[in-house]
Amino acid sequence: MINTLDDLDARGTVVGCRVDINSPVEDGSLLDDSRIRAHVGTLETLLEADARVAVLAHQGRPGGGDSFSTLEPHARRLDTLLDAPVGYVDETHGKSARAAVDALDDGECVVLENTRFYSEEYMTLEPDVAASTHLVTRLAPVFDVYVNDAFAASHRSQPSLVGFPRVLPSYAGLVMERELEVLDDIATTDNPRTYVLGGAKVSGSIDAARDVLARDLADTVLTAGVVGNVFLAAADEDIGKASTDFIYERGYWDEIERAALLLDDYGDRIEFPSDVAVDRDGERVELGLDDLPPGDDEPAMDVGQETLDRYETVLDESRTVILNGPAGVYERDVFATGTRTLYRAAADVETSIVGGGDTASAMNALGIDGFTHVSTGGGAALTLLTGDSLVAVDAIADAPKRSAGD
Ligand SMILES: Nc1ncnc2c1ncn2[C@@H]1O[C@H](COP(=O)(O)OP(=O)(O)O)[C@@H](O)[C@H]1O
Ligand SMILES: O=C(OP(=O)(O)O)[C@H](O)COP(=O)(O)O
């Protein structure tokens, strides 16, 4: 059992509230605000209880291009979504950040700068070490309690997620509470159970696939997106120079070998694309396996129709589907076909659980709904659905309790 907001008397309390508002960003603009809206309930609950709230969050990954950016647009967006005034400070734990927290009145909120602008936050650290980072040692003294609502990042053992609970009374926010409630029950859903693994986080998807196959949680794993391309390469198909370079540039080269080992062990339960849609001078051109490789500058940006027909048949027969990641570059209309088709088929399954930042953006962009549960987290949901616990949730459970006089 972990403490939740029901256990917190927040009036006049300075709350460090970790949220996950990591969103698609291009040229400094937010492309989707669903993750920001997801935390409105938790923040409103705290602010209406007259807490003083300092919001902590990350955005993107170092080296991750446009998406590794400031939280200023997020703060502006939050200001329009919340009744209370929302400030922003362009530091995370420096003097001006701490002064901004100290200056809060009851019922006011400030967004601190992207936690990953500081290298410590992008390391995987044991909770005790995380508690000794600059972020935690500087901010913990200005917080009274810590609330973690960042379910989508709760598989990361990073300072803002596991460090504060070593030193502060800690609580799960409403998003965290709801996600744990729904996802903890997955092993009890009906078979056949299908996992659809798309998107670009290849390493996490391969880990998840191995786990769910080994534990018989998955009857079938359908692969798509970059994950599907890696499995195609693992099956010795020549996906062409452009897609191969992409995998190499992302640092996923070793994943081809890991995918091949997975195919050796569980090939009868893993499906990979039998055709792909490549970008030929901006046009969608579908190529079967016999037509591979594509031209040197023709990346595989989506799965093809034959693959979609096969995958739809599997989904039609499934009673539970767990889906993470788009099937292709859904941001471009011509390559959104795979994502649209698979998401629609998944939404028709008796129990459908989907998760991931881009997955939610794709659903919104393509106007698809009707899922049993839309998780705010991709990797976190997959971690939980493999039966593993989440480090940041374990940290809340182990946190010191607040004494009556505090
Ligand atoms: N074939 C592909 N080639 C390049 N990028 C792809 C391909 N398929 C999907 N993507 C990209 O994957 C990204 C989403 O992946 P990911 O972050 O893993 O999803 P989520 O956030 O839902 O977990 C999107 O930006 C999408 O354009
Ligand atoms: O977007 C996120 O994960 P997700 O895409 O797996 O849902 C979270 O914000 C965690 O980000 P990270 O995977 O860079 O640690």
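Helices (H or I, at least four residues) and strands (E, at least two) are DSSP runs, numbered from the N terminus. Counted that way, the protein has 17 helices and 17 strands. Its radius of gyration, taken over C-alpha atoms, is 22 Å, close to the 22 Å that the globule rule (2.2 Å times the number of residues to the power 0.38) gives for 406 residues, so the protein is as compact as a globular protein of that length. This is a predicted model, in which local features need pLDDT of at least 70 and side-chain atom pairs count only at pLDDT 80 or more, while totals for chains, interfaces and linings use all residues. As for bookkeeping, residues are numbered from 1 along each chain as its sequence is written, chains are lettered from A and ligands numbered from 1 in the order in which they are written, and side-chain values use heavy atoms, with hydrogens and water left out.

On to the overall picture. The C-alpha trace spans about 70 × 45 × 35 Å along the principal axes of the protein. Of the 406 residues, 56% count as buried, where buried means under 20% relative accessible area, exposed over 50%, and partly exposed in between (1.4 Å probe, protein chains only). Take the contacts (heavy atoms within 4.5 Å) that have a separation of 6 or more: residues 24 or more positions apart account for 75% of them. The accessible surface, worked out by the Shrake-Rupley method with a 1.4 Å probe, comes to about 16500 Å², and 45% of that belongs to carbon and sulfur atoms. As for charge, there are 32 positive and 76 negative side chains; Lys and Arg count as positive and Asp and Glu as negative, with His and the chain ends not counted. The centres of the two sets lie 4 Å apart, with each charge placed at NZ of Lys, CZ of Arg, CG of Asp or CD of Glu.

Next come the annotated positions. In an unreviewed entry, UniProt gives the label "binding site" to Asp20, Ile21, Asn22, Arg35, His58, Gln59, Gly60, Arg61, Arg116 and Arg156. The "binding site" label from UniProt (unreviewed entry) is also listed for Glu331, Gly356, Gly357, Asp358 and Thr359. UniProt positions are in the numbering used here, feature names are shortened, and annotations may be inferred rather than shown by experiment.

Leaving out residues up to four places away in sequence, arginine 35 touches Asp20, Ile21, Asn22, Ser23, Ala152, Gly356, Gly357, Thr376 and Gly377. Not counting residues up to four places away in sequence, threonine 359 touches Leu323, Asn324, Gly325, Pro326, Tyr343 and Val354.

What about helix H10 (residues 225-234)? Here 10 of the 10 residues are buried, so this helix is largely enclosed by the rest of the structure. Among these buried residues are Val226, Val227, Val230, Phe231 and Leu232. Just after H10, aspartate 236 takes a positive phi of about 70 degrees.

Aspartate 216, in the loop between helix H9 (202-214) and strand S10 (220-223), has a positive phi near 55 degrees without being a glycine. Aspartate 216 is exposed, with a relative accessible area of 52%. In the loop between strand S12 (275-280) and S13, aspartate 281 is not a glycine either, yet has a positive phi of about 50 degrees. At 77% relative accessibility, aspartate 281 counts as exposed.

Then there are the cis peptide bonds. One runs from asparagine 191 to proline 192, with omega near -5 degrees, and proline 192 is in the loop between helix H8 (174-183) and strand S9 (193-197). Another joins leucine 292 and proline 293, with omega about 0 degrees; proline 293 lies in the loop between strand S13 (283-288) and strand S14 (300-303).

Last up is aspartate 207, a residue of helix H9. At 38% relative accessibility, aspartate 207 counts as partly exposed.
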